[in-house]
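Welcome! Please take a look at the sequence and the model below, and then we will walk through a few places in it together.

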Amino acid sequence: MRTTSRGLFAVLALTPLLAGCFASGEGTSNAGAGSGQGGRLRVALAIPPAQALSPYSNDATVLSKLSVAEGLTALSEEGTAAPALAKSWTQKNATTWVFELRKATFQDGTEVTAESVVRALDHAGDATTKPRVLSDVTLTTRATDADTVTITTKTPEPVLPLRLASPALGILSSKAYAKEGTADPVGTGTGPFRITKLNGKTKAALDRFDGYWGGKAKASGIDVTWIADGTARANALRGGDVDIAEWIPTAQAKLLDKDTRHEVRSVRTDSLILNTKSGLLTDRALRAAARDAVDGSALVDSVFGGYADPAQGLFGPAVPWAADDRVEVTGRAKAANPAQVKSRTKGKTLRLAAITNRAELPEATSVLQQQLEKAGFTVKQDVREYSQMEADLLAGKYDALVFSRVTLLDTGDAVAYLASDYTSNGVYNIAGLKDPKVDQAVKSAAEEGDTDKRRQKTMRAEAEILRTDAVVPLVHEKVVQGISTDVEGVILDPRERSLIDVDTRVK
């Protein structure tokens, strides 16, 4: 029996109005829809690949959304670890876990074995850019026998199976690792869809993989187009050029037919990230002034058209346990007043960055610029696609960033997000934060195995992070997905890591 993972998902059962009949991006039509063979799905995604769909980058979520690659585990409805390539596992002691593999085949025809799993996880740990999910843990893997993998950690890792559900730890065949430090997912995954062609940052073609261990997918393939402009994605759906368009801008959402507009409360939080390592905002009083100046609630209606909630912290309403365990933030720096800001920043400009891939962010950036200027800052914007900015962001070349982050994306575990983004050794620490109290709070949460206590410690760590003013939460988004009435089985995922699976099809 196939085990699926849909988090807090809803599966859409949409009644078709007509059979899909538009040509796909690779010259294949949906003419077979309804014949029992399944038509090809046409999908518009928002963020073009930054690193050729490498699982070690943000591109990993594409492999998950399109059901290309799988890990040893997956996320269950409750957000716990569920079987995937591993059918079961046992914790032998605080640092040792044993995983039993199911019978599965890679898309290049080779068998999934313990050796292939060890190779994949070792490559992830040795990657040129280490996946965020491994920023605070080191894995030692070995094949006990052909179908058994033993994984050891240096320190206790009570949620290791949940961590292994990360899209960044998808298991690929040996062919994927021909080039040192990288991983190529084209034709090397284990999921129900196999990438056959990747055209730079614009298009990709996927065919059904009939050897999938979980059963034959209902769609014969997927044709993907990356459309960074949100209005263009919405227009592509309205014009019948695509069947699924993700992340419809809020300004466009109400222009869609009601039965093609699907809203889901997301674990995505939009924040203003402040550079604590270099530039103007190494001054805590100036960071505090920026914190006090920014009012995220002003964005809810004016920018997001009501498709957002005012920020409660790093975790919003889609993380239901967060509110009950939230801790009061204390020990923050006193904010410089506007006159002091002008004096301390005289002749200097606050470099404010934003990405265009989420249509609301540039508009939000303009609102925030006005708020910051009222507080005494001189602000200059730099707004571009994420793929053009990632290296500069991680290198700390901006003072502030308006950013949208899926807080439970990497593992489904909030602690891993805090570790990667806000600890001294975090691999996605855009804020450049180095704070011993934050590091200790995150470490304490990471070592806790009891679920309730782990959540309580997570919220204590959140309070420590907010104390530093390295990040100012703005809003918690509600994502709008555009889905043609010709399609059924699309996954509405608050974590934004699933979209299409074996049951998604054109009717």
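Helices here are DSSP runs of H or I with at least four residues, strands are runs of E with at least two, and both are numbered from the N terminus. This is a predicted model, in which local features need pLDDT of at least 70 and side-chain atom pairs count only at pLDDT 80 or more, while totals for chains, interfaces and linings use all residues. Residues are numbered from 1 along each chain as its sequence is written, and side-chain values use heavy atoms, leaving out hydrogens and water.

At the other end, where H4 starts, a side-chain oxygen of Asp229 comes within 3.2 Å of the backbone nitrogen of Thr231.

Which residues of H4 are buried? In this helix, spanning residues 230-238, they are Gly230, Arg233, Ala234, Ala236 and Leu237; buried means under 20% relative accessible area, exposed over 50%, and partly exposed in between, with a 1.4 Å probe and protein chains only. They lie on the same side of H4, because they cover an arc of only 155° around the axis, taken from the directions from the helix axis to the C-beta atoms. An α-helix has 3.6 residues a turn, so residues three or four places apart point the same way. The buried residues of H4 pack against strands S2 (40-45), S12 (244-245) and S18 (471-483), and against helix H5 (250-253).

Next comes a helix pair. H12 (residues 414-422) packs with H13 (residues 436-446) at an angle of about 155°, their axes 9 Å apart. That makes H12 roughly antiparallel to H13, a term for angles over 145 degrees. Val415, Leu418, Ala419 and Tyr422 in H12 meet Val438, Asp439, Val442, Ala445 and Ala446 in H13, where contact means heavy atoms within 4.5 Å.

The loop between H12 and H13 holds Asn429, which counts as buried at 10% relative accessibility. Its side chain has these polar contacts (N or O atoms within 3.5 Å, one able to donate a hydrogen and the other to accept it):

| Backbone oxygen of | Distance to a polar side-chain atom of Asn429 |
|---|---|
| Thr423 | 2.9 Å |
| Leu433 | 2.8 Å |

Finally, Ser67 sits in the loop between helix H1 (60-65) and strand S3 (73-75). Is Ser67 buried or exposed? At 13% relative accessibility, Ser67 counts as buried. Ser67 and Phe193 are 126 residues apart in sequence, yet 6.0 Å apart in space, C-alpha to C-alpha.

Technical notes
Axes are lines fitted to C-alpha atoms, for helices over the stretch in contact, and angles run from 0 to 180 degrees between N-to-C directions. Angles under 35 degrees count as roughly parallel, over 145 as roughly antiparallel, 65 to 115 as roughly perpendicular and the rest as oblique.
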